[in-house]
Amino acid sequence: MIHHKLIMATVATYSDEFFSSRNISYPTGASLAFSPYITALYLTIYAPLWFCIVFGNLLVIRAFVYDRGLRHAKYYLLVSLSVTDLMTGCVALPCIIISRLVVSPRTCLASTRFFFFLPTLIFCLSSITHLIFIAIDR
């Protein structure tokens, strides 16, 4: 236990010396991570993707709600997958775009950056779980 504390104290001392010797400053405002042209290209790629995700999943949900022939137990997993993918498009994709394009203390600090990726992690794991259950069900 003493050996562990000694190593941790040594690491803390060296890391404090490393960061205190550097002139590290965090930006107070937000700015773009890339040039305006790269940002426009990035958004040009993600805008149709977002539209297809939202529109396609809304069509699946609408078909399930309005067509009584689709209201069988075997289609509930597909609708649940569609809702999860809709949430991925509406919540997770904007969080990823913001964290990728905007440089600010909120998007760049290690303590807050995780919260931008958390919705993506949750919804993607949920989508994969739905796909596994659909494959097992078929």
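Trainee: Where do F51 and F55 lie?
Mentor: Both are in helix α2, four residues apart, which is about one turn of the helix. Keep in mind that this is a predicted model.

Trainee: How many aromatic pairs does a search of the whole structure find?
Mentor: Three. One of them is Y42 with Y46, a tilted pair with 4.9 Å centre to centre and 40° between the planes. For F51 and F55 the ring centres are 5.5 Å apart and the planes are at 5°, so that pair is stacked.

Trainee: And how are Y42 and Y46 separated along the helix?
Mentor: By about one helical turn, because they are four residues apart in α2, which covers residues 36-66.

Trainee: Is Y42 buried or exposed?
Mentor: Buried, with a relative accessible area of 17%; the cut-off for buried is under 20%.

Trainee: What about F51 and F55, what do they count as?
Mentor: F51 is partly exposed at 49% relative accessibility. F55 is also partly exposed, at 45%.

Trainee: Switching topic. Which residues make the nonpolar surface patch?
Mentor: F114, F115, L121, L125, I128, I132, F133 and I136, giving a patch of about 840 Å². L125 is found in helix α5, residues 110-137, and counts as partly exposed at 49% relative accessibility.

Trainee: Last one, α3. Where does it bend?
Mentor: At T88, by about 35°. The helix has 29 residues, 73-101, and reaches 42 Å from its first C-alpha to its last, close to the 42 Å expected.

Key. Residues numbered from 1 in each chain as written. Predicted model: local features only at pLDDT ≥ 70, side-chain atom pairs only at ≥ 80, totals over all residues. Heavy atoms only, no water. Patch = residues over 30% accessible without salt bridge, like charges linked within 9 Å, V, L, I, M, F, W, Y side chains within 5 Å. Areas by Shrake-Rupley, 256 points an atom, 1.4 Å probe, with all protein chains shown as cover. Salt bridge = Lys/Arg side-chain N within 4 Å of Asp/Glu carboxyl O. Helix = DSSP H or I, 4+ residues; strand = E, 2+ residues; numbered from the N terminus. Buried < 20%, exposed > 50% of the residue type's maximum accessible area, 1.4 Å probe, protein only. Expected span 1.5 Å × (residues − 1). Bend = angle between axes of the 7 residues up to and from the residue. Phe/Tyr/Trp six-rings, centres within 6.5 Å; stacked < 30°, edge-to-face > 60°.
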